[in-house]
Amino acid sequence: EARELVYARKTTKAGQRWSSFLGILVPRELRAPLLELQHRHLHNVKAGPHITILDPFLEEEHLRSAVAVMQAEPPPLGPFQVWLEAPGYFRHSETHFTAYPEPRTEPPGALHVLMEHLTRQFPQCTDVLQIGEGKYTPHVTVAKFFTLKDVKAFVALLARQWRPLAFPVHELHVLGREGHDPYEVLHRAP
């Protein structure tokens with residue numbers, strides 16, 4: 001089963017017929033300040049506040065098998081804690097910048113351990129490793145900008161107002177969508 005999934009097609013952003021990603025949703029009761037920022041600073045919010053792990057993920061017909069693989073060989077860490085702390089940013093290109101509250105975890109590095117484990121299980125889904133600095137940058141996007149000056153000003157302003165958020169992570173979420181519809185949670189994996 002796992003070997004077959006190595007050859008499963010990942011979704012593409014270009015076609016927009018179907019797309020999916022694997023991530024961690026921020027719990028509903030903590031989303032309000034993140035959603036407020038997203039709706040003010042992002043032109044098209046299609047998924048609730050989340051930390052992306054694999055994006056794009058797999059085609060719809062492979063998702064159940066993928067969840068079975070994740071359940072059969074879970075990551076080498078149990079539930080962990082995430083704190084969304086001081087605002088930061090990263091550069092996608094010369095003219096695209098993403099602002100986000102920096103996630104810290106206990107145990108330290110849990111999101112990177114999770115990413116490494118899942119990219120071994122699904123090596124065709126490593127696109128997020130190419131974003132920005134060419135390394136995995138766990139984040140919850142709250143704003144995007146076209147200039148370094150604007151993103152730095154936003155991060156400085158947000159730093160004065162931001163109150164850290166903390167939540168436990170017990171499961172991963174597989175989200176999918178048809179065309180340009182909003183993403184829906186299709187599966188959960190411990």
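1. A32 counts as exposed because its relative accessibility is 52%, where exposed means over 50% relative accessible area, buried under 20% and partly exposed in between, computed with a 1.4 Å probe on protein chains only. The residue belongs to helix α2, which covers residues 32-41; helices (H or I, at least four residues) and strands (E, at least two) are DSSP runs numbered from the N terminus. Its C-alpha atom is separated by 9.3 Å from that of P49, 17 residues apart from A32 along the chain.

2. On the basis of the model: it is predicted, with local features needing pLDDT of at least 70 and side-chain atom pairs counting only at pLDDT 80 or more, whereas totals for chains, interfaces and linings use all residues. Residues are numbered from 1 along each chain as its sequence is written, and side-chain values use heavy atoms, with hydrogens and water left out.

3. Four salt bridges are found when the whole structure is searched, a salt bridge being a side-chain nitrogen of Lys or Arg within 4 Å of a carboxyl oxygen of Asp or Glu. One of them joins R40 to E36, with 2.6 Å between the closest N and O atoms. These two residues are separated by about one helical turn, because they stand four residues apart in helix α2. R40 counts as exposed, at 51% relative accessibility.

4. Another salt bridge pairs R91 with E94, and here the closest N and O atoms are 3.5 Å apart. R91 counts as partly exposed, with a relative accessibility of 28%, while E94 is exposed at 64%.

5. R188 and E171 also form a salt bridge, their closest N and O atoms lying 3.3 Å apart. Because R188 lies in strand β8 (residues 184-189) and E171 in the loop between β6 (165-169) and β7 (172-178), the pair ties together parts that are 17 residues apart in sequence. Both ends are partly exposed, R188 with a relative accessible area of 46% and E171 with 30%.

6. The largest nonpolar core has 47 residues, of which I24, F57, M70 and F122 touch the most other members; such a core is a set of buried Ala, Val, Leu, Ile, Met, Phe, Trp, Tyr and Cys residues joined through side-chain atoms within 4.5 Å. Apart from this core lies another, of five residues, among them F21, L25, A47 and L175.

7. With neighbours within four places in sequence left aside, M70 is in contact (heavy atoms within 4.5 Å) with L22, F57, L118, Q121, F122, L172, V174 and A189.
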